[in-house]
Amino acid sequence: MSWLANPTDEFADMTRAEQGVTLFIVGFALFLVFGLLTGALNPSYFLFLIGLGSMYALLSLGLNSQWGFTGLINFSVAAFFGVGAYGTVLISASSSPIRQSLLDIGVPSVVLNPVVGLVIAIVVATVIALAIGIPTLRLRADYLAIASLGLAEVVRLIVLNQQNWTNGSAGVRGIPSFFAGWPVLATFPQSMPETVIDFVPGGSITIAEPVFGIGFTFGQEIVLGTPFWRALLNVALVFVFLGISYTALRRVHRSPWGRVLRTIRADEDLARALGKNTYSFKMQSFVLGSLVMALAGVFYAHLNLYVSPGDLDPITTFYVWVAVILGGSGSNRGALFGGFVVVAIREGTRFLNQVTLSFDLGATEVVLSLTGFGGPMRLLLIGVIIVILMRFRPEGLLPPQRELIWPGTVDEVPEGPDVGVREARGGADE
């Protein structure tokens with residue numbers, strides 16, 4: 001509400017980094033809206049990008065609760081992501097061998113739904129997190145890094161080679177919507193009427209003539225059909241997952257439990273000297289982060305409607321680490337921001353493959369095509385961002401200092417040296 005009442009003061013109260021990030025978000029949002037209005041961006045694909053960005057934000061929140069809060073080095077993000085994805089599709093997808101086996105022994109099909117798959121994914125992720133954490137969390141941090149790196153590869157190889165469980169390299173298809181079987185929501189996309197939005201009735205306005213094959217025309221019809229409503233439902237689902245995870249992690253970050261975790265990250269010997277069972281706290285943090293990652297995998301399966309071993313490649317773990325470092329280790333806001341930035345780079349560079357520049361030099365025409373540069377440019381851009389960030393802002397764009405303070409805690413603290421905090425809080429004697 002404070003933003004709506006007085007946005008100028010709220011913006012002025014931000015740090016320079018927060019102001020920069022806010023301006024970047026506003027500018028990028030306007031750019032996306034411009035793309036929607038000019039027809040360059042399909043509404044359904046726009047919602048798909050929002051869902052994908054939210055999924056990476058979930059993964060970043062999970063890793064941030066392990067590395068940012070407690071200092072646990074986990075290189076198995078893709079493994080827990082895969083456990084979540086395969087955990088739900090092996091129960092609910094029509095092409096799943098495990099689902100077929102369960103049906104053959106008499107399990108009712110109504111029981112094998114995505115919600116049950118979600119529960120099973122969470123349980124399996126918990127068991128694996130405990131199995132990895134029990135032998136490694138008493139040792140130095142690098143042992144967890146090595147074990148988690150091995151876990152990621154083991155999970156990927158099991159998924160790839162156990163064809164009688166997972167269909168192997170063919171992947172799993174026939175994945176239903178997460179809301180399959182739900183009243184109203186199951187048929188919501190099909191029941192919604194097709195909506196046509198025409199900003200310029202009967203025509204359109206050309207803003208810029210095509211140059212190098214790129215032009216802008218405002219007012220083209222926007223058709224909102226079944227794919228749009230289905231994507232909108234997926235976005236609502238991931239926002240629920242993201243909202244619950246962010247709110248829970250935000251509260252625990254400020255709680256006494258979160259303070260213990262930060263102490264363990266800063267100086268584990270000190271936490272142990274204060275009587276804290278650091279092993280238990282690290283285990284709780286590791287399991288909590290793994291559950292959030294599995295949650296992201298569950299959403300991805302029902303968003304993409306296809307899961308394969310390629311989704312468990314180490315590059316997924318790399319992207320999530322980049323997102324956490326970019327946003328600021330220990331910062332939940334930074335994890336959210338980093339997740340969306342990584343998706344913007346990852347998906348934005350796909351269009352480089354379609355860019356072809358043609359130069360007419362009289363008798364000769366020079367054609368410059370970027371086909372085939374999309375993939376390398378993606379990794380190059382992310383690498384450049386990491387190098388620049390480590391050089392000029394190693395703490396990340398949104399470090400967590402402000403997040404550690406409860407709202408209103410310092411608002412009334414006087415700036416002058418003649419009055420103390422206790423007096424300002426009403427504790428001064430008359």
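Start by selecting Leu59. Leaving out residues up to four places away in sequence, Leu59 touches Val77, Phe81, Met293, Ala296, Thr316 and Val320. Contact here means heavy atoms within 4.5 Å.

Before moving on, note the ground rules. This is a predicted model, with local features needing pLDDT of at least 70, side-chain atom pairs counting only at pLDDT 80 or more, and totals for chains, interfaces and linings using all residues. Numbering runs from 1 along each chain as its sequence is written, and side-chain values use heavy atoms, with hydrogens and water left out.

**The whole chain.** Zoom out. The protein has 18 helices and six strands. Both are DSSP runs numbered from the N terminus: helices are H or I with at least four residues, strands are E with at least two. Of the 430 residues, 40% are buried. Buried means under 20% relative accessible area, exposed over 50%, and partly exposed in between, using a 1.4 Å probe and protein chains only. Among contacts with a separation of 6 or more, 75% join residues 24 or more positions apart.

**The cores.** Select Met55, Leu59, Tyr86, Val89 and Phe286. These touch the most other members of the largest nonpolar core, which has 80 residues. Helix α14 gives the most to this core, with 15 residues. A second, separate core has 11 residues, including Leu32, Leu36, Phe46 and Phe228. A nonpolar core is a set of buried Ala, Val, Leu, Ile, Met, Phe, Trp, Tyr and Cys residues joined through side-chain atoms within 4.5 Å.

**Ser44.** Go to helix α4, residues 43–70, and pick Ser44. Which residues does Ser44 touch, beyond four places in sequence? They are Pro227, Phe228 and Ala231. Ser44 counts as buried because its relative accessible area is 18%.

**α5 against α8.** Show residues 77–92 and 141–161. The axes of these two helices come within 9 Å and cross at roughly 35°. Axes are lines fitted to C-alpha atoms, for helices over the stretch in contact, and angles run from 0 to 180 degrees between N-to-C directions. Ala79, Phe80 and Tyr86 in α5 meet Leu151, Ala152, Val155 and Val159 in α8. The contact residues divide into seven nonpolar, no polar and no charged. Nonpolar covers Ala, Val, Leu, Ile, Met, Phe, Trp, Tyr, Cys and Pro; charged covers Asp, Glu, Lys and Arg; the others, Gly among them, are polar.

**α14 and its end.** Select Tyr300 in helix α14, residues 278–304. Is Tyr300 buried or exposed? Tyr300 is buried, at 11% relative accessible area. Tyr300 touches Met55, Phe81, Leu305, Tyr306 and Asp311, again leaving out residues up to four places away. Tyr300 and Phe81 are 219 residues apart in sequence, yet their C-alpha atoms are 8.8 Å apart.

Step to Leu305, in the loop between α14 and α15 (314–327). Its phi is positive, about 60°, although Leu305 is not a glycine. Most residues other than glycine have a negative phi. Leu305 is partly exposed, at 36% relative accessibility.

**Asn167.** This residue sits in the loop between α9 (163–166) and α10 (188–191). Asn167 also has a positive phi, near 70°. Asn167 is partly exposed, at 24%.

**Confidence.** Finish by colouring by pLDDT, the predictor's confidence in each residue, from 0 to 100. The protein's mean is 83, and 81% of residues reach 70 or more. Residues 413–421 stay under 50, with six contacts beyond four places in sequence. Residues 424–430 are also below 50, with 11 contacts beyond near neighbours in sequence.
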